[in-house]
Amino acid sequence: LLKHFDIHTKCIAHHLYNEKQSADGIVELLQGGNNVALVSDAGYPLISDPGQWLVNQVIDAGFNVVVINGPSAMLTALVASGLQTQPFTFVGFPGSSEKECRKTLEQWKDHKETLVFYEAPHRILKTLKVFLEVFGDRKACIARELTKKYEEYLRGTISELMEEMQEPKGEMVLVVEGKGEDPIATVSMSDLVQIVEGYVQSGISASEAIKRTAKEHKVSKNEIYKAYFH
């Protein structure tokens with residue numbers, strides 16, 4: 001962009017590996033009366049690119065931070081996903097290994113808001129498999145190559161998306177619906193007692209039959225116990 005508009009100004013490489021050293025130099029430039037712009041060539045600073053340390057250092061040094069908003073893959077994917085947009089939580093990358101990914105998802109599986117994740121194409125299939133195991137087959141959307149020529153949205157259940165992702169390419173945003181409300185029991189207590197009696201007649205103890213029935217129909221074990229023995 002600088003070359004296109006024939007802009008000639010000093011540029012500093014600000015990467016994750018040199019962020020702290022680079023931030024010190026940038027603060028010195030501000031102290032010298034200069035204006036500095038943090039520009040990302042791919043993602044959004046602080047969201048998918050370095051910048052958090054620099055922003056904190058600049059604020060601590062007493063300088064103003066002004067955000068000039070640009071395209072954010074996270075928000076773009078959320079708005080076009082077809083899923084609930086409010087409330088939502090941006091989680092980021094779920095983890096580079098299956099163990100890390102599973103640990104992250106276990107922390108978020110009971111949240112009811114829409115969840116937004118980033119993922120790399122070489123991990124997306126393995127990640128979707130973990131999502132299916134931890135979250136169940138929820139509605140989801142994969143948005144890839146956003147704001148670029150080959151922008152694409154894939155919508156469906158997690159298992160359906162796994163079938164679509166045969167040759168995944170491009171950086172991806174994964175939007176997943178939150179946990180729905182627990183189903184309300186539609187079976188009456190008298191019906192539940194009959195179910196328990198059926199288990200007992202098949203040779204299962206009453207306590208085990210009550211426990212199994214309560215679990216299957218998401219009803220309090222104590223309520224079924226009272227109804228069965230009274």
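Me: What should I know about the model before I start?

Reply: The model is predicted, so to speak of local features takes pLDDT of at least 70, side-chain atom pairs count only at pLDDT 80 or more, and totals for chains, interfaces and linings use all residues. Residues are numbered from 1 along each chain as its sequence is written, and side-chain values use heavy atoms, with hydrogens and water left out.

Me: How many disulfides does the structure hold?

Reply: A disulfide is a covalent bond between the sulfur atoms of two cysteines. The cut-off here is a pair of cysteine sulfur atoms within 2.5 Å. The structure holds zero disulfides. C101 is in none, and its nearest cysteine sulfur, that of C141, is 18 Å away.

Me: Is C101 buried or exposed?

Reply: Buried means under 20% relative accessible area, exposed means over 50%, and partly exposed is in between (1.4 Å probe, protein chains only). C101 counts as buried because its relative accessibility is 2%. C141 has 0%, so C141 is buried too.

Me: How many salt bridges are there?

Reply: Side chains of opposite charge can pair when their charged atoms come close. The rule asks for a side-chain nitrogen of Lys or Arg within 4 Å of a carboxyl oxygen of Asp or Glu. The count comes to eight. One of them pairs E106 with K109, with the closest N and O atoms 2.9 Å apart. E106 is partly exposed at 37%. K109 is partly exposed at 27%.

Me: Which parts of the chain does the pair of D110 and K179 link?

Reply: First, the contact: D110 and K179 form a salt bridge at 3.2 Å, N to O. The pair links distant parts of the chain, 69 residues apart. D110 sits in the loop between α4 (98-108) and β2 (114-119), and K179 in the loop between β5 (172-176) and α7 (189-201). Helices (H or I, at least four residues) and strands (E, at least two) are DSSP runs, numbered from the N terminus. At 46%, D110 is partly exposed. K179, at 28%, is partly exposed.

Me: Where do K129 and E133 lie?

Reply: Both lie in helix α5 (residues 124-135), four residues apart, about one turn of the helix. Salt bridges that share partners join E98, R102, K129 and E133 into one network. Between K129 and E133, the closest N and O atoms are 2.7 Å apart. K129 is partly exposed at 43%, and E133 is partly exposed at 43%.
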